[in-house]
Amino acid sequence: MAEADTVGKIITCKAAVCWGAGEPLKVEVVEVDPPKAHEVRIKILYTGICHTDEYTRSGKDAEGAFPVILGHEGGGIVESIGEGVTNVKPVRIIYLHLRRSFWFLEMYWFQGDHVIPLYTAECRECKFCKSGKTNLCGSVRATQGQGLMPDKTSRFTVNGQRVFHFMGTSTFSQYTVVADVSVVAVNPSAALEKVCLLGCGITTAWGSVVKQQGVKGSTVAVFGCGCIGLGVINASVLVGASRIIAVDVNPGKETWAREFGATDFVNPTKLPEGQRIQDYLVEITDGGLDFTFDATGNVDVMRAALEACHKGWGVSTIIGVAAAGKEISTRPFQLVTGRTWRGSAFGGVKGRTEIPGLVEDYLNGKIKVDEYVTHKRTLSTINDGFHDMHDGDCIRCVVDMNL
């Protein structure tokens, strides 16, 4: 019931704040303003820790602004909504006065929608949304990249100092405010500590595969076996790829890769001296792969993934985010001879339209989600979650925001 009492008021809660590039997160008491028109305030219950959070925390993100509340892979419950919001519902308390032989009061309490914040908005009105060609909605992109809400202000304050938003979501706060085009309601029977991961990694991987024609019956190589790479492997299994080669320099990833469906595992550091991974893959696949995916963010690996593609029809998809200022390169002849180099943001998925269906697929056992959660932390130990991510034995760490 407490949530209903906070409507229209500033909420004081805890959040993990990054005060500067390269600094660890610090749990602070933060004030979260009420949502304005077409905004939604969410009580975040769980959030994953993603490499993109670390990318900005480290200072490698050219758009990084500090101080900031990071986090973009969360799940929570709608606490309140601003004027004009129609796509999600908040906590509601309804009082009924009934009369029989005397007056008495009945109270009904309706929990707010279970939601996943979206770092890739879907307004359904801009030229991008209407094009039918992309999921890259332009409605809030400019201000989101500045760490601000659409009205160019922040909803977060710590000791009187304004704090920036992150990716339009800021799920490292117990309460956050997002644009109404940047949130989707999901089936409340799905555990938020699991489906929060559909806010980024798993969905990105799924879309990168299923939205391409021709993967069924084809050969696939996946470079990098973290959360997204494993997701690409699993999605390739779902669509019926004939052979799935996992590539990673960490030998400990082989077990995971095979559990998620890889038919082969190759460690580039174990190849004969002087042999490049792309040459080896071309050799063992009779000319190269039909599809390759980079999930590393390393521009040299991106090149290797392209050059491992089959001449004439091979397609290589870049998913990993490279550090600011990095550029990709290859010999133009690689493209002239029929290979395609493409990228994918959030897997091409339209979050408000498609994530509810992904949640249903999870509930029906069609896609893996539980298997990605290898570590759990609390808000007070969130920095340990970043260490987990770097240790190499973590697919995803999920943070309980109430502890």
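Mentor: K127 lies over the face of F128, 5.7 Å from the ring centre. K368 is placed over the face of F260, with a distance of 5.8 Å to the ring centre. A charge sits over a ring if NZ of Lys or CZ of Arg is within 6 Å of the ring centre and within 35 degrees of the ring normal. The model is predicted, so local features need pLDDT of at least 70 and side-chain atom pairs count only at pLDDT 80 or more, whereas totals for chains, interfaces and linings use all residues. Residues are numbered from 1 along each chain as its sequence is written, and side-chain values use heavy atoms, with hydrogens and water left out.

F260 also takes part in a ring pair. Rings of Phe, Tyr and Trp (its six-membered ring) pair if their centres lie within 6.5 Å; planes under 30 degrees apart count as stacked, over 60 as edge-to-face and the rest as tilted. By this rule there are three aromatic pairs. In one of them, the ring centres of F260 and Y372 are 5.0 Å apart and the planes stand at 70°, so the pair is edge-to-face. This pair joins distant parts of the chain, 112 residues apart: F260 belongs to helix α8 (residues 253-260), while Y372 is in the loop between α12 (351-363) and β19 (373-378). Helices (H or I, at least four residues) and strands (E, at least two) are DSSP runs numbered from the N terminus.

Buried means under 20% relative accessible area and exposed over 50%, with partly exposed in between (1.4 Å probe, protein chains only). F260 counts as buried because its relative accessibility is 4%, and Y372 counts as buried because its value is 1%.

The domain setting comes next. The bounds come from an automatic or database domain assignment, which gives domain 1 (2-201 + 349-400) and domain 2 (212-343). Their C-alpha centres lie 32 Å apart. Taking contact as heavy atoms within 4.5 Å, 15 residues of domain 1 meet 15 residues of domain 2. Between them the two domains bury about 1200 Å², 71% of it on carbon and sulfur atoms. K368, Y372 and I395 lose the most area on the domain 1 side, together 41% of what that side buries. Here buried area is the accessible area (1.4 Å probe) that two parts lose on being put together, summed over both.

Over residues 37-90 the chain is 13% helix and 39% strand, with end C-alpha atoms 14 Å apart. Over residues 228-359 the figures are 39% helix and 15% strand, and the end C-alpha atoms are 17 Å apart.

Finally, consider T171, in the loop between β10 (161-163) and β11 (175-179). T171 counts as buried because its relative accessibility is 0%. Beyond its neighbours within four places in sequence, its contacts include I44, T47, L70, H72, P117 and M401.
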